[in-house]
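The sequence and the structure are shown first.

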Amino acid sequence: MALPERMTSWDVAVVGEIYADHVFTGFARWPGPGEEVLADGYVRELGGGCVNTACGLSRLGRRVRLVGLIGDADVDWFEGRLGEFGVGMGGIRLGAESTGITVSVSTREDRSFFTWPGANRGLADLLGEPVVLADLASARHVHFAMPLPRQRAAEILPRLREAGCTSSLDVGYSPDWLTDPRNLDTCREVDLFLPNRTEAAVLCGEDGPDAYARCAWAEGLPRAVLKLGAEGALVIDADGVTRVVAPRVDALDTTGAGDAFDAGLIDALLDDAPFGRCVERACVCGALCTTAPGALRALPDSLQLRTLREQTYGS
C-alpha cells in the first residue's frame with residue numbers, strides 16, 4: 001500500500017487508553033476460588049495498548065505522537081519513562097480522574113487483566129476536540145488502541161483519509177464493542193483491523209482461524225489479520241488465507257505482545273513492504289516482547305528485529 005507524498009509532523013499518531021500496569025508473572029497455575037499462589041516477579045510499568053505500541057514504534061526509529069489521558073499525580077513518572085523510549089508528552093492531556101489501573105496476571109501460556117478505566121472515561125470527548133483531530137491528521141498513519149465509538153469513527157476516519165492518513169484499529173477485549181453490528185462499518189473503514197483469536201471469536205460468534213476468514217470475507221474487511229500468539233498470525237486478503245509462523249523464543253511474559261505485533265506491522269507498512277513481510281515483522285516484534293516481564297522491557301530495536309526476522313524467515 002503506497003503512502004501519499006505529503007508533509008507530516010509524525011510517522012504515527014497512536015491514540016487510546018493509557019494505564020498504570022501492575023504486572024505479576026511466573027505463576028505455575030491459575031488459583032482456584034479462595035486459593036493463593038505466589039508470583040515469581042512483579043513490575044509496575046506504564047501500560048495500555050497505545051503506550052506499548054507507541055514505545056514499540058519509537059524503538060524502531062519512528063516519530064511518534066502519543067494521544068491520551070492520565071491523572072496529574074503521574075505526570076513526572078510518565079514523562080520520565082516515556083522519555084526513555086523517545087516518546088514525548090505533547091499529545092497527553094490531564095483527565096478529570098486518576099490514571100487508569102490494570103493488574104496483569106501471567107502464566108507462561110496466557111494472561112488475564114483486572115482493570116479500572118479512570119481518566120480514560122474522557123477519551124471519547126477528547127477525540128471530539130478539533131485540535132486533537134488536527135494532531136492526528138498530521139501523521140502518516142493513525143493507530144487506534146481502543147474501542148473507538150462508532151459516532152467518533154464516522155467523524156474522524158473520513159477526515160483522516162482525506163488528509164492522506166492510513167489507519168489501524170486494535171480494540172482489545174471489548175465484548176460490547178465487538179458484538180455491536182454498527183462497528184463492522186468501522187472495521188471496514190480502517191486500513192487494518194487487528195484482533196486476536198479471542199476477540200475475533202466474539203466478533204464473529206464462532207472460534208477459530210477458518211471461522212474468522214469466512215467472517216472477514218463475508219463482511220468485506222480489507223486485508224484482515226488475525227493474531228494467534230505463539231502460533232503466529234493469519235493473513236486474509238485477495239490472494240486467500242496465509243499462515244505466518246511465529247519465531248521461537250523463550251517466552252516469559254505475554255503482556256503487551258499483541259501491541260508489539262501492531263508496532264511491527266505498522267513499521268513495515270510505513271516502509272511500503274509487501275503485506276506478508278509486514279506480518280512477519282509483526283510476529284517478530286510480538287515474540288521478542290515476551291522475553292522479559294512487562295510490555296516495554298523487551299521491545300526490540302531495528303537491529304534485533306532484523307536479526308530474528310532473517311533467522312526465522314530468511315533474507
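## The cavity

Helix α5 (residues 150-162) gives the largest share of the lining of the largest cavity, 3 residues. Helices (H or I, at least four residues) and strands (E, at least two) are DSSP runs, numbered from the N terminus. The lining of this cavity is made up of L157, L160, R161, C165, S167, E189 and D191. By class, 3 of these residues are nonpolar, 1 is polar and 3 are charged. Here Ala, Val, Leu, Ile, Met, Phe, Trp, Tyr, Cys and Pro count as nonpolar, Asp, Glu, Lys and Arg as charged, and the others, Gly among them, as polar.

The model is predicted: local features need pLDDT of at least 70 and side-chain atom pairs pLDDT 80 or more, while totals for chains, interfaces and linings use all residues. Residues are numbered from 1 along each chain as its sequence is written, and side-chain values use heavy atoms, with hydrogens and water left out.

The volume of the largest cavity is about 40 Å³, and the count of cavities of 30 Å³ or more comes to 1. On a 1 Å grid over the protein atoms alone, a cavity is a set of points where a 1.4 Å probe fits but cannot get out, and a pocket is an open set with protein on both sides within 12 Å along at least five of seven lines; lining residues have an atom within 4 Å of a point. Grid points are joined across faces, edges and corners, and a volume is the space filled by probe spheres set on the points.

The largest pocket holds about 1700 Å³ of space. Its lining has 48 residues, and R111, F113, N196, T254 and G258 lie nearest the centre. Two or more lining residues come from each of β2 (19-25), α1 (49-59), β7 (111-116), α8 (197-204), α10 (257-270) and α11 (275-289). The largest share, 5 residues, is that of α10. The lining divides into 17 nonpolar, 17 polar and 14 charged residues.

The second largest pocket has about 180 Å³ of space. It is lined by L60, D267, A273, P274, R277, R281, S302, L305, R306 and R309. At least two of the lining residues come from each of α11 and α12 (302-313), and α12 supplies the largest share, 4 residues. Of the lining residues, 4 are nonpolar, 1 is polar and 5 are charged.

## The sheet of six strands

An open sheet of 6 strands runs in the order β5-β4-β1-β8-β9-β10, with parallel pairing. Two strands pair if DSSP finds at least two bridges between them. The edge strands, β5 (92-94) and β10 (192-193), each pair on one side only. Strand β9 (residues 166-169) is joined to β10 in the parallel sense by 2 bridges, and the bridge partner of L169 in β10 is F193.

Helix α4 (residues 130-137) packs on this sheet and touches β1, β4 (64-70), β5 and β8; its direction is at about 120° to that of β8. Helix α10 also packs on the sheet, touching β1, β8, β9 and β10, with its direction at about 160° to that of β8. Contact means heavy atoms within 4.5 Å. Axes are lines fitted to C-alpha atoms, for helices over the stretch in contact, and angles run from 0 to 180 degrees between N-to-C directions.

## The sheet of four strands

A further open sheet has 4 strands in the order β3-β2-β6-β7, with mixed pairing. Both β3 (41-47) and β7 are edge strands with a single partner, so one side of each has no neighbour in the sheet. On average, neighbouring strands of this sheet are turned by 20° against each other, direction ignored.

Strand β6 (residues 100-106) runs antiparallel to β7, joined by 6 bridges. T102 stands opposite T115 in β7. Helix α2 (residues 75-83) packs on the sheet, touching β2 and β3, and its direction makes about 95° with that of β3.

## Salt bridges

The count of salt bridges comes to 25, each being a side-chain nitrogen of Lys or Arg within 4 Å of a carboxyl oxygen of Asp or Glu. D11 forms one with R140, where the closest N and O atoms are 3.7 Å apart. D11 lies in strand β1 (residues 10-16) and R140 in strand β8 (residues 139-145), so this pair ties together parts 129 residues apart in sequence.
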